[in-house]
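Have a look at the picture, and then we'll chat it through.

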Amino acid sequence: MAAPIGLCRCLLPLLLAVPWVTVPPPGVFAVQMVLIPGGVFTMGTQEPEIQQDGEGPARRVHLGSFHMDQYEVSNQDFESFVNATGYVTEAEKFGDSFVFEGMLSEAVKADIDQAVAAAPWWLPVKGASWRHPEGPDSSISSRMDHPVLHVSWNDAVAFCTWAGKRLPTEAEWEYSCRGGLENRLFPWGNKLQPKGQHYANIWQGEFPTNNTAEDGYKGTAPVSAFPPNAYGLYNMVGNAWEWTSDWWAVHHSPQELHNPKGPSSGTDRVKKGGSYMCHKSYCYRYRCAARSQNTPDSSASNLGFRCAADTAPGPR
(Lines give C-alpha, C1' and ligand atoms only; values in the text may rest on other atoms or scores of the structure.)
Protein backbone atom coordinates (compact mmCIF):
# COMPACT_ATOMS: atom_id res chain seq x y z
CA MET A 1 0.00 0.00 0.00
CA ALA A 2 1.19 3.45 -0.82
CA ALA A 3 0.69 6.47 1.38
CA PRO A 4 -0.77 9.90 0.60
CA ILE A 5 0.55 13.38 1.30
CA GLY A 6 4.13 12.54 0.48
CA LEU A 7 4.31 9.73 3.05
CA CYS A 8 6.14 6.63 1.92
CA ARG A 9 4.10 3.52 2.49
CA CYS A 10 6.90 2.19 4.63
CA LEU A 11 5.78 4.75 7.23
CA LEU A 12 2.29 3.33 7.54
CA PRO A 13 2.99 1.48 10.67
CA LEU A 14 3.44 4.88 12.10
CA LEU A 15 -7.92 35.64 -20.49
CA LEU A 16 -6.25 34.03 -23.39
CA ALA A 17 -8.54 32.31 -25.86
CA VAL A 18 -7.07 29.28 -27.59
CA PRO A 19 -8.67 26.69 -29.85
CA TRP A 20 -9.90 23.41 -28.42
CA VAL A 21 -8.61 20.44 -30.36
CA THR A 22 -8.98 16.71 -30.17
CA VAL A 23 -5.81 14.65 -30.38
CA PRO A 24 -6.86 11.10 -31.25
CA PRO A 25 -4.84 8.37 -29.55
CA PRO A 26 -4.55 4.78 -30.81
CA GLY A 27 -7.85 3.04 -31.36
CA VAL A 28 -11.13 4.84 -30.85
CA PHE A 29 -10.34 6.52 -27.54
CA ALA A 30 -10.19 10.32 -27.77
CA VAL A 31 -10.43 13.07 -25.16
CA GLN A 32 -10.73 16.74 -25.94
CA MET A 33 -7.48 18.61 -25.45
CA VAL A 34 -6.57 22.28 -25.49
CA LEU A 35 -3.68 23.71 -27.47
CA ILE A 36 -1.52 25.63 -25.02
CA PRO A 37 0.53 28.26 -26.89
CA GLY A 38 4.23 28.45 -26.15
CA GLY A 39 5.54 31.38 -24.18
CA VAL A 40 7.44 32.63 -21.15
CA PHE A 41 6.03 32.71 -17.63
CA THR A 42 7.04 33.11 -14.01
CA MET A 43 7.11 29.70 -12.35
CA GLY A 44 6.97 29.41 -8.57
CA THR A 45 6.73 32.40 -6.25
CA GLN A 46 8.86 34.79 -4.24
CA GLU A 47 6.27 34.59 -1.46
CA PRO A 48 6.01 30.87 -0.67
CA GLU A 49 3.15 29.87 1.62
CA ILE A 50 4.64 26.46 2.49
CA GLN A 51 8.41 26.82 2.81
CA GLN A 52 9.28 23.12 2.90
CA ASP A 53 7.55 22.47 -0.43
CA GLY A 54 10.07 24.36 -2.56
CA GLU A 55 7.57 26.83 -4.01
CA GLY A 56 10.30 29.37 -4.72
CA PRO A 57 12.23 31.09 -6.02
CA ALA A 58 10.23 32.65 -8.81
CA ARG A 59 12.02 31.94 -12.10
CA ARG A 60 11.38 32.65 -15.76
CA VAL A 61 10.57 29.57 -17.82
CA HIS A 62 10.26 29.27 -21.59
CA LEU A 63 7.95 26.58 -22.96
CA GLY A 64 7.06 25.44 -26.44
CA SER A 65 3.44 24.81 -27.34
CA PHE A 66 1.78 21.56 -26.25
CA HIS A 67 -1.64 20.04 -25.73
CA MET A 68 -3.29 19.59 -22.33
CA ASP A 69 -6.38 17.60 -21.43
CA GLN A 70 -9.28 19.96 -20.90
CA TYR A 71 -10.48 17.82 -18.00
CA GLU A 72 -9.03 15.51 -15.38
CA VAL A 73 -9.15 11.88 -16.52
CA SER A 74 -12.57 10.63 -15.45
CA ASN A 75 -13.80 7.28 -14.22
CA GLN A 76 -15.42 6.82 -17.65
CA ASP A 77 -12.08 7.46 -19.37
CA PHE A 78 -10.20 5.10 -17.08
CA GLU A 79 -12.82 2.39 -17.46
CA SER A 80 -12.35 2.57 -21.24
CA PHE A 81 -8.63 2.02 -20.72
CA VAL A 82 -9.13 -0.92 -18.35
CA ASN A 83 -11.74 -2.53 -20.60
CA ALA A 84 -9.41 -2.25 -23.59
CA THR A 85 -6.26 -3.49 -21.89
CA GLY A 86 -7.19 -5.46 -18.78
CA TYR A 87 -4.92 -3.19 -16.78
CA VAL A 88 -4.81 -3.74 -13.00
CA THR A 89 -3.88 -0.73 -10.86
CA GLU A 90 -1.29 -0.85 -8.11
CA ALA A 91 -3.95 -0.24 -5.45
CA GLU A 92 -5.74 -3.37 -6.68
CA LYS A 93 -2.49 -5.33 -6.62
CA PHE A 94 -1.63 -4.13 -3.10
CA GLY A 95 -5.18 -4.98 -1.98
CA ASP A 96 -5.78 -1.64 -0.26
CA SER A 97 -5.35 2.10 -0.56
CA PHE A 98 -5.70 5.21 1.56
CA VAL A 99 -9.08 6.88 2.06
CA PHE A 100 -10.03 10.02 3.95
CA GLU A 101 -11.82 8.96 7.13
CA GLY A 102 -14.70 11.38 6.60
CA MET A 103 -15.73 9.57 3.41
CA LEU A 104 -15.94 6.09 4.95
CA SER A 105 -18.97 4.19 6.17
CA GLU A 106 -19.07 3.14 9.82
CA ALA A 107 -18.96 -0.50 8.72
CA VAL A 108 -15.68 0.00 6.88
CA LYS A 109 -14.13 2.05 9.69
CA ALA A 110 -14.99 -0.65 12.22
CA ASP A 111 -12.50 -3.03 10.57
CA ILE A 112 -9.55 -0.58 10.54
CA ASP A 113 -7.03 -0.40 13.35
CA GLN A 114 -4.22 1.54 11.64
CA ALA A 115 -3.75 5.14 10.50
CA VAL A 116 -1.02 7.45 9.25
CA ALA A 117 0.55 8.86 12.42
CA ALA A 118 1.22 12.30 10.94
CA ALA A 119 -2.24 12.52 9.39
CA PRO A 120 -4.69 10.32 11.31
CA TRP A 121 -7.58 11.11 8.96
CA TRP A 122 -5.92 8.87 6.37
CA LEU A 123 -6.92 5.24 6.83
CA PRO A 124 -5.77 2.15 4.92
CA VAL A 125 -8.87 0.52 3.47
CA LYS A 126 -8.87 -3.03 2.14
CA GLY A 127 -10.55 -3.18 -1.25
CA ALA A 128 -10.30 0.56 -1.91
CA SER A 129 -9.46 1.21 -5.56
CA TRP A 130 -10.56 3.32 -8.50
CA ARG A 131 -13.72 1.19 -8.83
CA HIS A 132 -14.44 1.41 -5.08
CA PRO A 133 -13.09 4.80 -3.93
CA GLU A 134 -14.33 4.47 -0.33
CA GLY A 135 -13.85 0.73 0.00
CA PRO A 136 -15.72 -2.38 -1.10
CA ASP A 137 -19.15 -1.01 -0.15
CA SER A 138 -18.74 2.02 -2.48
CA SER A 139 -19.22 2.41 -6.23
CA ILE A 140 -18.48 4.87 -9.04
CA SER A 141 -21.72 4.07 -10.89
CA SER A 142 -23.09 7.56 -10.22
CA ARG A 143 -19.67 9.23 -10.60
CA MET A 144 -18.50 8.23 -14.05
CA ASP A 145 -17.91 11.90 -14.88
CA HIS A 146 -15.84 12.47 -11.72
CA PRO A 147 -12.02 12.23 -11.71
CA VAL A 148 -10.61 8.74 -11.37
CA LEU A 149 -8.96 8.26 -7.96
CA HIS A 150 -6.57 5.76 -6.38
CA VAL A 151 -4.27 5.87 -9.41
CA SER A 152 -0.53 5.78 -8.80
CA TRP A 153 2.00 7.64 -10.92
CA ASN A 154 2.78 4.34 -12.61
CA ASP A 155 -0.92 3.80 -13.35
CA ALA A 156 -1.21 7.30 -14.79
CA VAL A 157 1.79 6.74 -17.07
CA ALA A 158 0.25 3.48 -18.29
CA PHE A 159 -2.99 5.25 -19.18
CA CYS A 160 -1.22 8.13 -20.93
CA THR A 161 0.94 5.73 -22.94
CA TRP A 162 -2.14 3.77 -24.04
CA ALA A 163 -3.84 7.02 -25.04
CA GLY A 164 -0.84 8.18 -27.09
CA LYS A 165 -0.11 10.95 -24.61
CA ARG A 166 2.14 11.61 -21.59
CA LEU A 167 2.05 13.25 -18.19
CA PRO A 168 2.73 17.00 -18.23
CA THR A 169 5.96 18.32 -16.79
CA GLU A 170 5.55 20.39 -13.64
CA ALA A 171 6.38 23.52 -15.67
CA GLU A 172 3.76 22.67 -18.31
CA TRP A 173 1.19 21.97 -15.62
CA GLU A 174 1.83 25.26 -13.80
CA TYR A 175 1.88 27.26 -17.04
CA SER A 176 -1.46 25.69 -17.98
CA CYS A 177 -2.86 26.37 -14.50
CA ARG A 178 -2.03 30.05 -14.71
CA GLY A 179 -4.00 30.49 -17.93
CA GLY A 180 -1.87 33.38 -19.13
CA LEU A 181 -1.99 35.30 -15.84
CA GLU A 182 1.26 36.38 -14.18
CA ASN A 183 1.95 36.14 -10.46
CA ARG A 184 -1.57 35.24 -9.41
CA LEU A 185 -2.52 32.76 -6.69
CA PHE A 186 -5.26 30.90 -8.57
CA PRO A 187 -6.05 30.09 -12.20
CA TRP A 188 -8.54 32.98 -12.26
CA GLY A 189 -6.73 35.61 -10.17
CA ASN A 190 -6.04 36.43 -6.52
CA LYS A 191 -9.52 36.34 -4.98
CA LEU A 192 -10.66 32.89 -3.94
CA GLN A 193 -14.33 33.63 -4.59
CA PRO A 194 -14.77 36.48 -7.09
CA LYS A 195 -18.20 38.05 -6.55
CA GLY A 196 -18.95 35.26 -4.08
CA GLN A 197 -18.76 32.53 -6.72
CA HIS A 198 -16.96 29.24 -6.15
CA TYR A 199 -14.29 28.49 -8.76
CA ALA A 200 -12.88 25.29 -7.29
CA ASN A 201 -13.83 22.25 -5.23
CA ILE A 202 -12.01 22.61 -1.91
CA TRP A 203 -12.82 22.20 1.78
CA GLN A 204 -15.11 24.68 3.54
CA GLY A 205 -15.57 24.60 7.30
CA GLU A 206 -13.18 23.15 9.87
CA PHE A 207 -10.65 20.60 8.65
CA PRO A 208 -10.81 17.64 9.19
CA THR A 209 -14.04 17.43 11.19
CA ASN A 210 -16.62 19.53 9.33
CA ASN A 211 -16.91 20.09 5.61
CA THR A 212 -19.89 22.37 4.98
CA ALA A 213 -19.67 21.65 1.22
CA GLU A 214 -20.65 25.23 0.39
CA ASP A 215 -19.21 24.71 -3.09
CA GLY A 216 -21.72 21.91 -3.65
CA TYR A 217 -19.47 18.92 -3.11
CA LYS A 218 -18.25 17.01 -0.07
CA GLY A 219 -16.05 14.76 -2.17
CA THR A 220 -15.07 15.06 -5.81
CA ALA A 221 -17.06 17.02 -8.37
CA PRO A 222 -17.63 16.23 -12.06
CA VAL A 223 -14.56 17.02 -14.15
CA SER A 224 -16.57 19.71 -15.97
CA ALA A 225 -17.73 21.49 -12.79
CA PHE A 226 -16.84 25.13 -12.04
CA PRO A 227 -15.71 27.77 -14.58
CA PRO A 228 -12.64 26.96 -16.71
CA ASN A 229 -9.56 29.15 -16.73
CA ALA A 230 -8.62 31.35 -19.67
CA TYR A 231 -7.09 28.39 -21.52
CA GLY A 232 -10.38 26.49 -21.25
CA LEU A 233 -9.05 24.05 -18.62
CA TYR A 234 -11.32 22.80 -15.84
CA ASN A 235 -10.45 22.03 -12.20
CA MET A 236 -6.77 22.82 -12.39
CA VAL A 237 -6.91 23.40 -8.64
CA GLY A 238 -9.07 21.52 -6.16
CA ASN A 239 -11.08 18.36 -6.89
CA ALA A 240 -8.17 15.89 -7.26
CA TRP A 241 -4.40 16.14 -7.03
CA GLU A 242 -2.76 15.64 -10.42
CA TRP A 243 0.47 13.79 -11.14
CA THR A 244 3.24 15.38 -13.21
CA SER A 245 6.24 13.71 -14.81
CA ASP A 246 8.89 15.45 -12.68
CA TRP A 247 10.92 13.95 -9.89
CA TRP A 248 10.57 15.91 -6.64
CA ALA A 249 13.15 18.46 -5.48
CA VAL A 250 12.85 21.53 -3.28
CA HIS A 251 15.89 23.52 -4.43
CA HIS A 252 15.53 25.28 -7.79
CA SER A 253 17.85 27.45 -9.84
CA PRO A 254 16.68 31.06 -10.23
CA GLN A 255 18.11 31.13 -13.76
CA GLU A 256 15.90 31.16 -16.84
CA LEU A 257 15.02 27.70 -18.10
CA HIS A 258 13.80 26.28 -21.41
CA ASN A 259 11.33 23.38 -21.32
CA PRO A 260 12.55 22.05 -17.93
CA LYS A 261 11.81 18.45 -17.04
CA GLY A 262 12.89 18.44 -13.38
CA PRO A 263 15.66 16.38 -11.77
CA SER A 264 17.04 13.33 -13.55
CA SER A 265 16.25 11.06 -10.62
CA GLY A 266 14.57 10.96 -7.23
CA THR A 267 12.31 8.98 -4.93
CA ASP A 268 9.03 10.93 -5.21
CA ARG A 269 7.11 12.45 -8.10
CA VAL A 270 5.55 15.93 -8.13
CA LYS A 271 1.80 16.36 -7.88
CA LYS A 272 0.00 19.67 -8.35
CA GLY A 273 -3.30 21.40 -7.77
CA GLY A 274 -4.58 20.27 -4.39
CA SER A 275 -7.90 18.49 -3.91
CA TYR A 276 -11.37 18.62 -2.40
CA MET A 277 -9.67 18.06 0.98
CA CYS A 278 -7.52 21.21 0.86
CA HIS A 279 -8.22 23.96 3.40
CA LYS A 280 -6.08 27.05 4.01
CA SER A 281 -5.60 26.08 7.67
CA TYR A 282 -3.88 22.81 6.79
CA CYS A 283 -3.21 22.37 3.07
CA TYR A 284 -3.10 25.72 1.29
CA ARG A 285 -2.03 23.98 -1.89
CA TYR A 286 -4.87 24.91 -4.24
CA ARG A 287 -2.60 27.59 -5.71
CA CYS A 288 -0.83 27.36 -9.07
CA ALA A 289 2.63 27.65 -7.44
CA ALA A 290 1.84 25.07 -4.75
CA ARG A 291 3.17 21.54 -5.01
CA SER A 292 3.50 18.29 -3.12
CA GLN A 293 4.87 14.81 -3.69
CA ASN A 294 4.29 11.07 -3.41
CA THR A 295 6.19 7.92 -4.22
CA PRO A 296 5.32 6.63 -7.71
CA ASP A 297 3.36 3.68 -6.30
CA SER A 298 1.22 5.86 -4.01
CA SER A 299 -2.55 6.01 -4.31
CA ALA A 300 -5.27 7.74 -2.34
CA SER A 301 -8.88 8.92 -2.51
CA ASN A 302 -7.88 12.42 -3.60
CA LEU A 303 -5.23 11.65 -6.22
CA GLY A 304 -5.80 11.60 -9.99
CA PHE A 305 -4.24 13.06 -13.16
CA ARG A 306 -4.66 14.57 -16.60
CA CYS A 307 -2.55 14.02 -19.70
CA ALA A 308 -0.52 16.26 -21.98
CA ALA A 309 0.71 15.68 -25.53
CA ASP A 310 3.29 17.15 -27.88
CA THR A 311 2.02 19.35 -30.67
CA ALA A 312 3.81 17.32 -33.31
CA PRO A 313 3.97 13.73 -32.05
CA GLY A 314 6.32 11.39 -33.83
CA PRO A 315 5.26 8.14 -35.49
CA ARG A 316 3.83 5.49 -33.19
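Visitor: In what order do the three strands of the open sheet with mixed pairing come?
Guide: This is a predicted model, where local features need pLDDT of at least 70, side-chain atom pairs count only at pLDDT 80 or more, and totals for chains, interfaces and linings use all residues. Residues are numbered from 1 along each chain as its sequence is written, and side-chain values use heavy atoms, with hydrogens and water left out. Strands here are DSSP runs of E, at least two residues, and helices are runs of H or I, at least four, both numbered from the N terminus; two strands pair if DSSP finds at least two bridges between them. The order is β3-β4-β11.

Visitor: Why is one side of β3 and of β11 left without a neighbour in the sheet?
Guide: Strands of a sheet pair through backbone hydrogen bonds. β3 and β11 (257–258) are at the edges, so each has a single partner strand.

Visitor: Which residue of β4 is the bridge partner of T42?
Guide: β3 and β4 are antiparallel, joined over five bridges. Look along β4 for the partner of T42, and you'll land on R60.
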